[in-house]
Amino acid sequence: MMNARKTPVQDSDLRDSGLLARLLQTGVLVLDERANLRFASAGACEILGAASEAELRDAWSDIGSQLHVAEWPRQLPDRSAHHGRADVRTPAGVRTVRFEMHEASAAGHARLVVLVRDRGHLLPTDDALLLASEARANRHVLTGLVHNAKGPLNNFTLTLALLTAAIARTEASSLPSETLAHWTRYIDVLRNESARLAGCVDDIYALTSRHEPTLEAIDLCAMLRECERVLRHDATMREISLTLEVPETPVNGMGDPRLVRVALLSLMICLLDLTLAGGRIESRVTDSDATSGPTIAITTSRAALPPSLIASLYSLAGTAESEHSAAIAGRLIIEAQGGDVSLDNDDTGTAVFRIRIPAPA
């Protein structure tokens, strides 16, 4: 197609900057100006039912006809592509093919770069798009759920207030003091539980709000307590013990609270996924010294972590499909805040994430 050693990507005439990424994850065909097949990737051959590029080239007259190549436009508006779909008969049966055609050139010759994929199957590389779509949809769903929950919660709180007032009026009557004590205790329980429920609803609503980047002091002790609270149910179901060792007084770091919380949760979830039942995950905070910011250590009782985690933690090519994407995402966030993440062993030989957060100025 092109001499990759001599032609830089930015000069390749593949004008869509996202095209190169798609070339790596879909089937690729290259046609000349007369729509003759000049190149076919292994993925394209598989989709179009050919065992090899040579076999596909022999069958191209029929395959091209089924793709309606003769009807494709020969000139496209700047930075655009031609999209289409076709049912292609192959030895393995009919394939429902989606294609996308781009104009390109190399050494002065016109080329058509065609991406093809089987419409009937999702690719692993679709996961990021699907997750992003799901996240956007969930924000709207959660907003509706919170709105629907607020009505009954408000009614519950109002009824509780009326009940409290009614009991207060009976205190001067002949009602037995033991009965009044029972009722008062029940009201206290209901009031506490309604406050907990309101807090949960507020937490859910916070997930739906748009994130506006900030830079402010963060109480890391309070944030770790919150992370432990939301992960405790998951850990209990996995039979993993969560422990927290933080001072009573705040230990402040500097960063974007929402992003730092996502990073800490991501790193803890990574260790949850790797810790066996009966194991333990411990989180500790050390206040800053004269040379560095505060440090968070998240330790797992698992003695050795997978080599793949160690190898991929600092990968520049990590994506949503990466095996340890949670840890990679956590590391990216912390580094973006001006901190750093390391993975090593503590004094007992167990694996630990060490997370340094910048100290407030």
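Visitor: Let's start with Ser 312: where is its place in the structure?
Guide: Ser 312 sits in helix 9, which covers residues 307-312. Keep in mind that we're looking at a predicted model.

Visitor: How do you know whether Ser 312 counts as buried or exposed?
Guide: Check its relative accessibility, which is 17%. Buried means under 20%, so Ser 312 counts as buried.

Visitor: And which residues is Ser 312 in contact with, leaving aside neighbours within four places in sequence?
Guide: Those are His 324 and Ile 328. Contact here means heavy atoms within 4.5 Å.

Visitor: What about helix 7 and helix 8: at what angle do they pack?
Guide: Helix 7 runs over residues 220-237 and helix 8 over residues 257-274. They pack at about 40°, and their axes are 10 Å apart.

Visitor: Which residues make the contact?
Guide: On helix 7, they include Met 223, Leu 224, Val 230 and Leu 231. On helix 8, you'll find Val 260, Leu 264, Leu 265 and Ile 269 among them. Sorted by class, the contact has 13 nonpolar residues, three charged ones and no polar ones.

Visitor: Now salt bridges: how many are there in the whole structure?
Guide: A search finds 14. Side chains of opposite charge can pair when their charged atoms come close.

Visitor: What makes Asp 32 and Arg 38 a salt bridge?
Guide: Their closest N and O atoms are 2.9 Å apart. The cut-off is within 4 Å, so the pair qualifies.

Visitor: Where in the chain are Asp 340 and Arg 356?
Guide: These two also meet in a salt bridge, at 3.0 Å from N to O. The pair links distant parts of the chain: Asp 340 is in strand 11 (residues 340-345) and Arg 356 is in strand 12 (residues 351-356), 16 residues apart. Elsewhere, salt bridges with shared partners join Glu 226, Arg 229 and Arg 261 into one network.

Visitor: What is the phi of His 68?
Guide: It's positive, about 60°, although His 68 is not a glycine. Most residues other than glycine have a negative phi. His 68 is in the loop between helix 4 (60-66) and strand 3 (82-90).

Visitor: And what about the phi of Glu 239?
Guide: Glu 239 has a positive phi too, near 60°. This residue lies in the loop between helix 7 and strand 7 (241-245).

Visitor: Why is Glu 239 classed as it is by accessibility?
Guide: Its relative accessibility is 56%. Exposed means over 50%, so Glu 239 counts as exposed. His 68, at 39%, counts as partly exposed.

Terms used: Residues are numbered from 1 along each chain as its sequence is written. This is a predicted model: local features need pLDDT of at least 70, side-chain atom pairs count only at pLDDT 80 or more; totals for chains, interfaces and linings use all residues. Side-chain values use heavy atoms; hydrogens and water are left out. Axes are lines fitted to C-alpha atoms, for helices over the stretch in contact, and angles run from 0 to 180 degrees between N-to-C directions. Helices (H or I, at least four residues) and strands (E, at least two) are DSSP runs, numbered from the N terminus. Ala, Val, Leu, Ile, Met, Phe, Trp, Tyr, Cys and Pro count as nonpolar, Asp, Glu, Lys and Arg as charged, and the others, Gly among them, as polar. A salt bridge is a side-chain nitrogen of Lys or Arg within 4 Å of a carboxyl oxygen of Asp or Glu. Buried means under 20% relative accessible area, exposed over 50%, partly exposed in between (1.4 Å probe, protein chains only).
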